[in-house]
Amino acid sequence: MTFNRLFSGAAFVSKVGSRSVFTSSKPDSANPNWLRVGLAFGTSALLWGLLFKQHSTDVHEYKVRNGLE
Amino acid sequence: MGFVPDLGKSLPPPSVANRNSLWLAGVGWCSAMLHNAINHRPPMKSGVHRQFLMATIGWFIGYHLTKYENYTFAKLDRDMNEYIRLHPEEFAAKEKKTFAEIVEPFHPVR
């Protein structure tokens with residue numbers, strides 16, 4: 001939903017207390033969009049994994065270059 | 001954002017928890033909460049997956065930023081020390097005077 005707002009022209013129209021003419025249905029807050037939730041958490045998990053992997057690579061590289069291992 | 005050249009890889013890497021990561025994760029989290037607030041959703045309770053994702057992105061960027069910062073400062077320090085080593089005449093130790101030599105004699109007027 002955030003990217004729809006960014007990329008569609010509706011982002012420039014104030015949506016305070018009014019229905020947007022660009023979408024046919026109101027944002028439904030009672031039923032979460034599980035696909036988007038899964039994608040968000042999946043991407044987060046991927047980023048954390050990348051971070052820890054990069055960190056361990058860096059530590060290993062440092063040890064090898066300074067003759068500690 | 002941190003693409004450290006080969007030379008910088010012999011520096012000790014920053015720990016996963018570092019100041020830039022913490023700050024940028026906070027920035028990401030607050031931006032997610034601000035986004036909630038602007039769209040009339042409860043700021044902290046809604047869209048936890050968004051908050052977590054933005055905080056993670058901030059943390060990730062912060063780690064690489066810290067690495068690049070360490071590399072930049074190490075390079076500057078190395079160049080500065082090399083300059084000092086090559087130009088010792090500009091960095092001669094000043095001759096030290098004790099206070100006794102500088103201070104004028106004290107004549108109290110009571």
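In the predicted model, Arg85(B) and Glu82(B) form a salt bridge in which the closest N and O atoms are 2.6 Å apart. Both residues belong to helix α2 of chain B (residues 48-86), where they are separated by 3 residues, about one turn of the helix. Arg85(B) is exposed, at 58% relative accessibility, whereas Glu82(B) is partly exposed, at 34%. Salt bridges with shared partners also connect Glu61(A), Arg65(A) and Asp6(B) into one network.

Asp79(B) is partly exposed at 40% relative accessibility, and Arg78(B) is partly exposed at 47%. Over all chains, the count is 5 salt bridges.

The interface between the chains involves 23 residues of chain A in contact with 24 residues of chain B. The area buried between chain A and chain B is about 2100 Å², with 73% given by carbon and sulfur atoms. On the chain A side, the residues losing the most area to chain B are Trp48(A), Leu51(A) and Arg65(A), which together account for 25% of what that side buries.

Between chain A and chain B there are 2 salt bridges. One of the salt bridges in the model pairs the side chains of Asp58(A) and Lys67(B), at 3.1 Å from N to O. Helices α1 (2-7) and α2 (34-65) of chain A each supply at least two residues of the side that touches chain B. The greatest contribution to this side comes from α2(A), with 18 residues. By residue class, the side of chain A that touches chain B comprises 12 nonpolar, 6 polar and 5 charged residues.

In chain B, Asn18(B) is located in the segment before α1 (19-38). Asn18(B) is buried because its relative accessible area, 11%, is under 20%. Its side chain reaches the backbone nitrogen of Ser21(B) at 2.9 Å and makes a polar contact with the side chain of Thr66(B) at 3.0 Å. Leaving aside residues up to four places away in sequence, Asn18(B) touches Gly62(B), Tyr63(B) and Thr66(B).

Conventions: Residues are numbered from 1 along each chain as its sequence is written. Chains are lettered from A and ligands numbered from 1 in the order in which they are written. This is a predicted model: local features need pLDDT of at least 70, side-chain atom pairs count only at pLDDT 80 or more; totals for chains, interfaces and linings use all residues. Side-chain values use heavy atoms; hydrogens and water are left out. Contact means heavy atoms within 4.5 Å. Buried area is the accessible area (1.4 Å probe) that two parts lose on being put together, summed over both. A salt bridge is a side-chain nitrogen of Lys or Arg within 4 Å of a carboxyl oxygen of Asp or Glu. Helices (H or I, at least four residues) and strands (E, at least two) are DSSP runs, numbered from the N terminus. Ala, Val, Leu, Ile, Met, Phe, Trp, Tyr, Cys and Pro count as nonpolar, Asp, Glu, Lys and Arg as charged, and the others, Gly among them, as polar. Buried means under 20% relative accessible area, exposed over 50%, partly exposed in between (1.4 Å probe, protein chains only). A polar contact is a pair of N or O atoms within 3.5 Å; within protein, one must be able to donate a hydrogen and the other to accept it, and residues adjacent in sequence count only if both atoms are side-chain atoms.
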